[in-house]
Amino acid sequence: MALQPPLSDLPIKTADVGFYRGFSINVTVISKVIISVLVVWCIFWPTQAGGVLGNWNSVILANFAAWYIWVVAAFVIVCLGLAIWPTAGRLNLGGEGDKPEFSNFSWFSMMFGAGIGVGMLTFAVAEPVAHFGSNPETIQGMTTGGTADNVRMAYKWSFLHWGLGAWACYAIAGLSLAFFSYRRGLPLTIRSGLTPLFGKALSGPLGHLIDIVAVVATILGVAQTLGFGVEQFLAGLTRIGFGGLVSGADAVNAAGESIAGNSTTFGIIIALVIIMGASTLSALSGVGKGIKWLSNINMVLSIILLSFFIIFGATWFGAQAMFIGIWDYLIALPSMSFNVFKSDGVADSEAFKLAQWQGWWPVFYWAWWIAFAPFVGLFLARISRGRTIREFVLGAMLVPALMCFVWFSWAGGTAIDLELNGGADGAIFGVANSDKIFAMTNYMLAPISEALSWGMTLLIVVLLMTFLVTSADSAVLIVNTINAAGDEGPKARPHILFWGAALALVVGGLLMSGGTGAIQTAMVIGALPFSFVMVLMAISLIKAIFNDGRREAAGVTSVTVDDAAAAAMPAE
């Protein structure tokens with residue numbers, strides 16, 4: 001059969017009048033109902049919600065841990081394969097002659113801010129420290145936790161979780177959205193990425209289901225990020241001198257003593273009112289004003305903080321951790337990416353502990369990145385029109401991963417070095433994960449000047465606040481883009497307000513029903529359906545690129561977006 005031009009029209013019915021004008025009622029209303037039910041359940045029946053979600057999570061970890069591990073490994077292979085494949089690598093993510101609209105520096109900066117942000121402030125210190133204490137090698141007796149011989153293992157596993165696997169999840173989603181929207185002229189929404197497999201059937205219930213799954217995954221993925229951020233925000237405010245935000249005998253005061261208590265309900269409410277109020281105002285102001293302004297602040301404060309760790313922290317220790325860590329990571333990447341630890345069901349056995357550790361760390365992270373993929377992927381697509389697939393893959397995977405490694409090496413490395421060689425004696429390791437970065441800067445600066453320590457804490461809190469607001473702000477806008485069948489234009493205030501409030505209530509409800517563990521459980525559950533969607537997106541992308549190569553050889557057009565249409569598309 002003769003090759004035909006690809007599908008370039010995918011009508012999605014949206015309301016013409018009324019409250020939902022411009023939105024797909026099927027996607028928007030059902031998404032709102034699902035999230036609303038989750039919120040009501042967690043707030044009014046927190047014990048039951050925590051128990052049921054925990055049981056579902058156990059079932060998923062028992063039956064789908066291998067799925068998460070292997071799927072992310074497959075995403076890495078697909079992305080690198082597309083970059084290497086000549087036919088794919090040179091394809092432009094746009095119309096013929098389209099050029100990138102952002103410089104390389106701006107492009108890299110926006111990718112890093114969108115994909116990492118809040119998590120970096122929590123985990124750049126907390127994760128290397130955690131793996132320094134326990135990892136598969138310590139469980140198997142190959143190294144000793146908390147000693148110098150375990151530093152390399154700590155970084156090998158930290159780099160796994162924040163390296164190519166994380167960014168491959170984002171790249172698959174972003175590539176699919178950019179390819180089908182900017183080469184095919186299809187709506188900038190998740191269902192468009194599956195047109196090579198399902199065609200115009202995606203205009204109906206199947207397409208609605210896919211977009212609903214994406215919206216729910218996005219809300220839960222962003223909720224996970226905000227949950228960690230809220231706890232760290234409250235830890236920082238408590239160190240600055242605000243009381244009543246953290247409970248427990250170990251809560252800190254303005255003098256900066258250790259914080260190991262839990263966030264109070266009052267603290268959670270205050271944090272969410274501040275963060276979600278600011279993010280909603282930013283979303284109402286539009287991308288060009290709110291998000292751009294906040295991103296500029298993010299970049300400046302991030303550079304100041306990272307420079308502090310590199311210059312005044314463990315400079316040489318961090319350099320060793322980075323370069324040796326990257327070597328260990330790359331050598332061990334195949335085995336770490338595919339190895340699944342099987343539990344024997346015997347508590348405290350080596351097999352049980354290894355499987356438990358894998359559920360706590362790699363499986364959690366892969367679910368988090370998958371849940372975050374619709375959000376980051378859509379953003380990456382919006383800023384990558386005009387780039388080749390090879391540029392996109394290498395830029396979206398390698399550069400941000402290297403930036404993560406820099407943060408982990410010097411921030412986490414400084415914490416480990418202070419405990420090993422600097423006499424910290426538990427002052428950093430002994431506090432909650434949300435407080436470790438504050439404890440470390442306090443240990444470094446308080447002996448010099450309490451004012452300096454307080455000022456650095458304030459800088460981190462402000463940086464964290466801007467990251468939180470940017471993440472929530474962008475999430476609200478992107479959820480509304482998916483609900484509006486890919487239309488990136490301005491949205492009515494009630495819909496922005498609803499999703500801002502819904503996101504705050506999801507975070508608050510889950511935190512109050514079980515802390516960040518409850519959010520983690522809900523996110524792992526919510527990410528599972530979207531992981532299947534992402535596999536189909538990868539298959540669709542490979543099929544579309546292969547057929548484009550055949551069309552090119554046969555002289556059949558494969559780019560269905562003309563220059564005028566491309567120019568008319570909304571820009572960042």
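Tutor: Ile139 is in helix 6, residues 136-139; helices here are DSSP runs of H or I with at least four residues, strands are runs of E with at least two, and both are numbered from the N terminus. The model is predicted, so local features are given only at pLDDT of at least 70 and side-chain atom pairs only at pLDDT 80 or more, while totals for chains, interfaces and linings use all residues. Residues are numbered from 1 along each chain as its sequence is written, and side-chain values use heavy atoms, with hydrogens and water left out.

Setting aside residues up to four places away in sequence, Ile139 touches Ser134, Glu350, Lys353, Leu354 and Trp357; contact means heavy atoms within 4.5 Å. Ser349 is 210 residues from Ile139 along the chain, yet their C-alpha atoms are separated by 9.6 Å. Asp348 lies in the loop between helix 13 (315-338) and helix 14 (350-383). The phi angle of Asp348 is near 75 degrees, a positive value in a residue other than glycine. Asp348 counts as exposed because its relative accessibility is 62%; exposed means over 50% relative accessible area, buried under 20%, and partly exposed in between, with a 1.4 Å probe and protein chains only.

Ala485 also has a positive phi, near 60 degrees, without being glycine. This residue sits in the loop between helix 17 (450-483) and helix 18 (493-554). Ala485 has a relative accessible area of 14%, so it is buried.

Pro136 can be set against Trp410: the two are 274 residues apart in sequence and 23 Å apart in space, C-alpha to C-alpha. Trp410 belongs to helix 15, residues 389-421, and counts as buried at 10% relative accessibility. Outside four places in sequence, the contacts of Trp410 are Phe309, Ile310, Ala314, Thr315, Gly318, Ala319 and Met322. Ser302 is in helix 12, residues 287-312, and is buried at 11% relative accessibility. With residues up to four places away not counted, Ser302 touches Trp407, Leu463 and Phe467.

Aromatic rings are the next topic. The whole structure holds 33 aromatic pairs; rings of Phe, Tyr and Trp (its six-membered ring) pair if their centres lie within 6.5 Å, and planes under 30 degrees apart are stacked, over 60 edge-to-face, and the rest tilted. Phe123 and Phe228 form an edge-to-face pair, because their ring centres are 5.0 Å apart and their planes stand at 90 degrees. Phe123 is in helix 5 (residues 118-133) and Phe228 in helix 10 (residues 205-240), so the pair ties together parts that are 105 residues apart in sequence. Both Phe123 and Phe228 are buried.

As for the whole, the protein has 19 helices and zero strands. Of its 572 residues, 60% count as buried. Among contacts with a separation of 6 or more, 79% join residues 24 or more positions apart. The C-alpha trace spans about 75 × 50 × 50 Å along its principal axes.
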